[in-house]
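Hi,

Here is the structure I promised to pass on to you. Have a look at it first, and then read on for what turned up.

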Amino acid sequence: MKKLILCSVLLLCYAFAKAQSKTTYDINITVVSEEDNEPLLGANAIITTLKKGAMSDINGKGIIKDVPAGTYELTVSYVGHESKTITAVIPDQLNYNFNLHEVEGELDEIVIQSTRSSRTFKRTPTRIELIGGEELVEKTAMNSTNIAMMLRESTGIQMQQTSQSSANQSIRIQGLDGRYTQLLKDGFPLYGGFAGGLSIMQIPPLDIAQFEIIKGSSSTLYGGGAIAGLVNMQSKRPEEEKELDLMLVGTQALGITGNIFYSARKEKWGVTLYGSANSQKEYDPDGDNFSNLPQARTVSLNPKVFYYPSDKTTVWVGLNGTYDQRKGGNLDAINDESNAYTEENISRRFSTQAVWETNLTDHSSFQFKNSIAYFNRELLIPSMDFKGSQVNTFTEANYKTNTDKTDWIFGGNLYTSDFDEDAVINQRDQKDLTAGLFVNNVTDLSDNWILETGLRTDFTTDWGSFILPRASLLFKSDGRFTSRLGGGLGYKIPDIFTEDAERLNFQNVLAIDKNELVAETSYGMNLDFDYGFAITDQINFSINQLFYLTAIDNGLLLNSSTTSPGSFEYSNASDLTLSRGAETNIKFTYKDFKWFLNYALIDTQLNYLDGNPEKPLTAKHNAGSVIMYENEKWRIGYETYYTGKQLLFDGTESRDYLLMGLLVMKNFDWGNLYMNFENLTDRRQSRYSPTVTIDAGGAPTFNEIYAPTDGFIFSAGVIWKPFGNKSHHGHGHHDD
């Protein structure tokens, strides 16, 4: 017994001595939002003197390991919130709780502009997908010429190529044609109409701070045309710290692009300047003597000047000029060495933007904006020249007011469109004018429920009036679960610039008959659930599940004319176009690794045809996987995307295919070096079926495009930042 007591005493003495000899400790932190007590994922806790820190997980918890005994300043920060600094005495206290106060508008990346309110991302009932920060840097590196890459890799969005010769592309959200999606930049309607599939190809991404994507009817927010949704691109604004990005990238597919972005602000004046130049030689990986990428020359310049007469008022004006020439088809004919088939698009664009915005009080503001856009296009093929110009104007005034729990916005706008075809006979000119009044309200019903409602009334000169209500409801639990339910009405007035007409190069397409046609109308709704939790201390998981339905009545159809043989005329569908489906987005994070998984079910049916067939060239099943490794020095991403079978116009099915890509980027204090391997396995349509068929006379017939036509693309580039690299940190993709 004495031996047992002696052993116990010796063990206690050893344990006590061991504890006394411990020289470092682990500090546990918990970070929540002061407003709703929700855990904050990604908050930074740091002891500067020790250069030690930690990031909070999905439960708001983090651990700063191996801290020596002593007294330190411990600082916790989170975007959009006030930072807090406390004195930590180690080892007297090892557990610290932080309640951070939210600051509205502190950081532009988390303030949503598309909904017209000044609310932050997580307090907006409308479901929005946000692309910004690091993901935007990655996508810009993958394709610095245009925004097609940004959009194509978002769940439920398809970029439909409408021409092999010119590489025109149209955006499809949830299986609906591109004319149902409204493109905006800084809240201004962008392109559309006569620009058609060239719109996507003429928007470079380097000056964009964030993408905001709203799926489902958004006509109440911005008027007709947003039946499938809208994409709003927010430009970078000048800051006190100068920014200069110089970007040069080349591809093995004979393309080279140079971009420049500059911004600076000094006292009451600021400026941003964006310029882009792209040169692409005709590229034929198939060896069939027809271009898969056209010969292209594009130059774009966009300067903006900002004036700040006071802390409450901002005035800015911008100019945009773009020249774009594309020529594709027979390789010999592209260089004028034969009379074989070519398709040439020459477009010129000039637009102005002007905005005046002022805070009338601490809780109210007024904004006036105006834009004028001129677009001229020549479409030249051997048998036809289609030339014309289009002038669009947009003017809006809105007033915002808010209290602690309620936001209101009242406004009105005027939109005009004037297309003038340069033809001697059979001109297809069209003029339209739309005036709209709108009101939108967001109310905090309680700590857990937020309601958004809106109403717009549009008056059109030839198509009647449209009353467009919408509503969205947000539920926020006290934990990591949120849900949104929303819906609304929409409309689209007819014009000749549809994907079907684009495929025909507008040849023999008759003008819009305003006496026979009516506007397309729609209703839609969506429901989503978002949930996240920590699997372990270092592995976090989140999932967003969306269900949606959109129905279009009186859809615009292009069919063979019954009165003019050999021509095509527009008519209204006798029944609905019905798009329904689901989207799943999953995210895992572990230290410097992120893994994104997505799946989209797109079921778009044409109920006006016998048997309610699926919409052609719309894959029912789509899936993707993105694995990212990111730290201060490296950014490495591996992507895999699956596209399922698609119904073709002749009733047959295409085959499915898998695309893979790899991006490797090295970060330096002066900028970035990168290599991008797009479509690694060289999946292209010519491997499965011909994209063009040549008859005995040498005339081509172009087949439907359901897969990439350009195949594997390798690019390498450099981004030089003389004033320092700000892209080491940022926010990625959000679904909410």
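A residue counts as buried under 20% relative accessible area, as exposed over 50%, and as partly exposed in between. Phe475, at 22%, is therefore partly exposed. Please keep in mind that this is a predicted model.

Let me start with the aromatic rings. A search of the whole structure gives 24 aromatic pairs. In one of them, the ring centres of Trp449 and Phe475 are 4.8 Å apart and the planes stand at 50°, so this pair is tilted. Trp449 sits in strand S25 (residues 449–460) and Phe475 in strand S26 (residues 464–476), so the pair links distant parts of the chain, 26 residues apart.

Another pair is made by Phe481 and Phe529: the centres are 6.3 Å apart and the planes are at 25°, so the rings are stacked. Phe481 belongs to strand S27 (residues 481–492) and Phe529 to strand S28 (residues 520–534), which means that parts 48 residues apart in sequence are tied together. Phe481 is partly exposed at 27%, and Phe529 is partly exposed at 33%. There is also an aromatic cluster, formed by Phe188, Phe306, Tyr308, Trp316 and Phe394.

Now to the charges. Side chains of opposite charge can pair when their charged atoms come close. The count comes to 34 salt bridges. Here are three of them:

- Asp324 and Arg326 have their closest N and O atoms 2.9 Å apart, and both residues are buried.
- Glu378 and Lys387 meet at 4.0 Å, N to O. Glu378 is buried at 17% relative accessibility, whereas Lys387 is partly exposed at 27%.
- Glu499 and Arg503 have their closest N and O atoms 3.6 Å apart. They are 4 residues apart in helix H7 (residues 499–503), so about one helical turn separates them. Glu499 is buried, with a relative accessible area of 6%, while Arg503 is partly exposed at 28%.

Glu499 and Arg503 also belong to a network of salt bridges, whose other members are Arg172, Asp177, Arg179, Asp500, Glu520 and Lys615.

Finally, which residues gather in a patch of negative charge on the surface? They are Glu239, Glu240, Glu241 and Glu267. Of these, Glu241 lies in the loop between strand S14 (229–235) and strand S15 (243–251), and its relative accessibility of 48% makes Glu241 partly exposed.

Enjoy exploring!

Best wishes

Definitions and conventions. Residues numbered from 1 in each chain as written. Predicted model: local features only at pLDDT ≥ 70, side-chain atom pairs only at ≥ 80, totals over all residues. Heavy atoms only, no water. Patch = residues over 30% accessible without salt bridge, like charges linked within 9 Å, V, L, I, M, F, W, Y side chains within 5 Å. Areas by Shrake-Rupley, 256 points an atom, 1.4 Å probe, with all protein chains shown as cover. Salt bridge = Lys/Arg side-chain N within 4 Å of Asp/Glu carboxyl O. Lys, Arg positive; Asp, Glu negative; His and termini not counted. Charge placed at Lys NZ, Arg CZ, Asp CG, Glu CD. Helix = DSSP H or I, 4+ residues; strand = E, 2+ residues; numbered from the N terminus. Buried < 20%, exposed > 50% of the residue type's maximum accessible area, 1.4 Å probe, protein only. Phe/Tyr/Trp six-rings, centres within 6.5 Å; stacked < 30°, edge-to-face > 60°.
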